[in-house]
Amino acid sequence: MKIAQVTPLYEAVPPKLYGGTERVVAHLTDALVELGHDVTLFASAEAETRARLITVRDQAIRLDPAPLKSDLAAHMTMLSEVLKRADSFDVIHFHTDMIHFPFFARCADKTITTLHGRLDLKDLAGVYERWDQFGLVSISDDQRRPLPLANWKATVHHGMPGEMYRFSPQSSGYLAFLGRISPEKRPDRAIEIAAKLNKPLKIAAKVDAADKVYWETVIRPMVESNPLVEFVGEIGDHQKSAFLGGAEALLFPIDWPEPFGLVMIEAMACGTPVVAFRCGSTPEIIEDGATGYLVDTMEQAVAAAGRAHLLDREAIRARFELRFSATAMARRYLDVYGDLLARRPFAEEAPGEAVTPLRPHEDRSFINLA
């Protein structure tokens, strides 16, 4: 298949530091190429990909030092480049929320859109009702709750290349928190859990401008008052194996409907169990008592973190490879693409031309073989 992957432009593909959507797009794109498909990636110039790259911005937006920039203008420019080439693709896979809907209405039947964010926002329902011809993919079943009547085609859980993460057969005895300092991620819970267990906690997280007050007034004082807590800051992919692999458990104490949570499967790739609050996607990702523990209260979280070292780290890595590898994700998306193509005619007759009929051995089941 000839497949276009259209990514947001906020982070590099894959991100240099923190970032989820663009990381998933990078791994999906490479896995599709490895499976033999012709893939074109629309992204900023620093993208690292095995696909054909169409550069639509000189660099990703977040780390661009320019003081004034327009993310809307950047994405509109990219969509224009995709639209010019739309006829050359069998499938156009968007990861850009809904911004492309008005531009691609005429060819919506060759598009699929993965929604990566939360969907319980006031204005979203009207958009997905107005442009209901666009097929949607959720990244967890739970993500769909606010929009149950949207045009859902499948749920595809994220995947990561196993070779990126080094399996660690034993930990170094600390607990870990990886992600973003924000109220909904609840790093305060992570600090409290570690304090009650008298265990070291390492926090590797970025602080967005919107969360600086929360960092300065809530989390930073908690970090500075506890000598067992170490704030590492934002880390990149090359640092994650050591950070996650050395942890006795990853703490995922969220307090919001997390659509997926990549850090959970990154920890599993290192063999590290996850202690997660039962919220959003976590019951779909964590197998309670096998790859980690699902908890509902702080008391349960403390108890679970205290016994996480008893779980089989090799079994956790094996479950990652089975359920959350980049290849597994790509194969699931190929099923989605195949269903999309099956609903469209194999060929359209051009003026004055006859369509050559398929011979019996030329059925199109190849679209699902990869």
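Predicted model: local features only at pLDDT ≥ 70, side-chain atom pairs only at ≥ 80, totals over all residues.
A residue is called exposed when its relative accessible area is over 50%, and buried when that value is under 20%.

R220, at 33% relative accessibility, counts as partly exposed. Both residues belong to helix 5 (residues 212-224), where they are four residues apart and so separated by about one helical turn. E224 and R220 form a salt bridge whose closest N and O atoms are 2.9 Å apart. Side chains of opposite charge can pair when their charged atoms come close.

The count of salt bridges comes to 29. Another of these pairs is E48 with K16, with the closest N and O atoms 3.7 Å apart. This pair links distant parts of the chain: E48 lies in the loop between strand 2 and strand 3, K16 lies in the loop between strand 1 and helix 1, and the two are 32 residues apart. E48 is exposed at 52%, whereas K16 is partly exposed at 40%.

Strand 11 (residues 247-252) runs parallel to strand 12 and is joined to it by three bridges, and L251 stands opposite V275. Strand 13 (residues 292-295) also pairs with strand 12 in the parallel sense, over four bridges, and here F277 stands opposite V295. Finally, strand 11, helix 7 (residues 262-269) and strand 12 together make a right-handed β-α-β unit.

Definitions and conventions:
Residues numbered from 1 in each chain as written. Heavy atoms only, no water. Pairing = 2+ DSSP bridges. Right-handed = clockwise from strand over helix to strand, strands pointing away. Salt bridge = Lys/Arg side-chain N within 4 Å of Asp/Glu carboxyl O. Buried < 20%, exposed > 50% of the residue type's maximum accessible area, 1.4 Å probe, protein only.
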